[in-house]
Amino acid sequence: MRNGRMGAVRRVLLPVVAVTAVAAAAFGVAEGADGVYGALLGGAVVILFLGSTPVVLTPLVRRSAAMSLPVALTFLGVKSVAALIVLALLFDIGGLADRIDFMAFGITAIAASLAWTFLQIVAYRNDRTPTYDLSNKD
């Protein structure tokens with residue numbers, strides 16, 4: 001991984017892991033082991049889904065900027081199918097659904113998503129990557 005966008009992912013990852021750990025501790029006290037499992041799973045899903053985009057797309061975009069939109073849309077489709085599979089596994093009665101607290105899962109997923117989004121905005125704002133070139137032509 002190189003600096004730039006990948007560095008932004010690293011700067012965001014640790015605080016999101018911390019949010020997940022705090023939520024897991026809080027739900028562990030409130031709900032027991034099921035709350036811990038739900039919070040950890042919620043944080044892991046957010047980290048995997050939101051973290052996979054820059055990890056997968058950055059090297060591909062560097063190779064061919066023209067292919068960035070088709071690759072990004074294809075990856076969005078793959079992640080959508082993966083999200084459906086994860087939700088199907090979560091709501092499988094008698095399986096994983098009996099071992100996690102869905103309230104802990106949902107609240108942690110929302111908190112981790114908001115933290116990830118906020119921290120990515122701050123990181124991209126501070127990145128100082130030029131987005132256009134002003135020419136001096138009149």
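Colleague: Which residues is Leu50 in contact with, leaving aside its neighbours within four places in sequence?

Modeller: Leu50 is in contact with Ser113 and Trp116, once neighbours within four places in sequence are left aside. Contact here means heavy atoms within 4.5 Å. Bear in mind that this is a predicted model, where local features need pLDDT of at least 70, side-chain atom pairs count only at pLDDT 80 or more, and totals for chains, interfaces and linings use all residues. Residues are numbered from 1 along each chain as its sequence is written, and side-chain values use heavy atoms, with hydrogens and water left out.

Colleague: Where does Leu50 sit, and what is its relative accessible area?

Modeller: Leu50 belongs to helix α2. Its relative accessible area is 29%, so Leu50 is partly exposed. The classes are buried for under 20% relative accessible area, exposed for over 50%, and partly exposed in between (1.4 Å probe, protein chains only).

Colleague: And how far apart are Leu50 and Lys79, in sequence and in space?

Modeller: In sequence they are 29 residues apart, and from C-alpha to C-alpha the distance is 9.6 Å.

Colleague: Stepping back, how many helices and strands are there?

Modeller: Four helices and zero strands. Along the sequence that reads α-α-α-α. Helices (H or I, at least four residues) and strands (E, at least two) are DSSP runs, numbered from the N terminus.

Colleague: What is the mean pLDDT of the protein?

Modeller: The mean is 82, and 83% of the residues reach 70 or more. pLDDT is the predictor's confidence in each residue, from 0 to 100. Among the elements, α1 has the lowest mean, 84, while helix α4 (residues 102–127) has the highest, 89.

Colleague: Back to α2. At what angle do α2 and α4 pack?

Modeller: At about 35°, with the axes 7 Å apart. Axes are lines fitted to C-alpha atoms, for helices over the stretch in contact, and angles run from 0 to 180 degrees between N-to-C directions. A crossing is left-handed if the near helix is turned anticlockwise from the far one by less than a right angle, and right-handed if clockwise. The crossing of α2 with α4 is right-handed. Residues making the contact include Gly38, Ala39, Gly42 and Leu50 of α2, and Phe105, Thr108, Ala112 and Trp116 of α4.

Colleague: How does the contact of α2 with α4 divide by class?

Modeller: Ten residues are nonpolar, seven are polar and none are charged. Ala, Val, Leu, Ile, Met, Phe, Trp, Tyr, Cys and Pro count as nonpolar, Asp, Glu, Lys and Arg as charged, and the others, Gly among them, as polar.

Colleague: How do the axes of α2 and α3 cross?

Modeller: The axes of α2 (residues 33–63) and α3 (residues 68–90) cross at roughly 160° and come within 11 Å. The two are therefore roughly antiparallel to each other. As for cut-offs, angles under 35 degrees count as roughly parallel, over 145 as roughly antiparallel, 65 to 115 as roughly perpendicular and the rest as oblique. The crossing of α2 and α3 is right-handed. Among the residues in the contact are Val45, Phe49 and Leu57 of α2, with Phe75, Lys79 and Val86 of α3. That contact divides into 14 nonpolar, three polar and one charged.

Colleague: Then what about Thr20, where is it found?

Modeller: Thr20 is in helix α1 (residues 5–31). With a relative accessible area of 7%, Thr20 is buried. Apart from neighbours within four places in sequence, its contacts are Ala39, Leu40, Gly43, Thr108 and Ala112.

Colleague: Where is Asp101 found?

Modeller: In the loop between α3 and α4. Asp101 counts as buried because its relative accessibility is 16%. Leaving out residues up to four places away in sequence, Asp101 touches Glu31, Asp34, Gly35 and Gly38.

Colleague: Last one: what share of the residues of the protein count as buried?

Modeller: 28% of the 138 residues.
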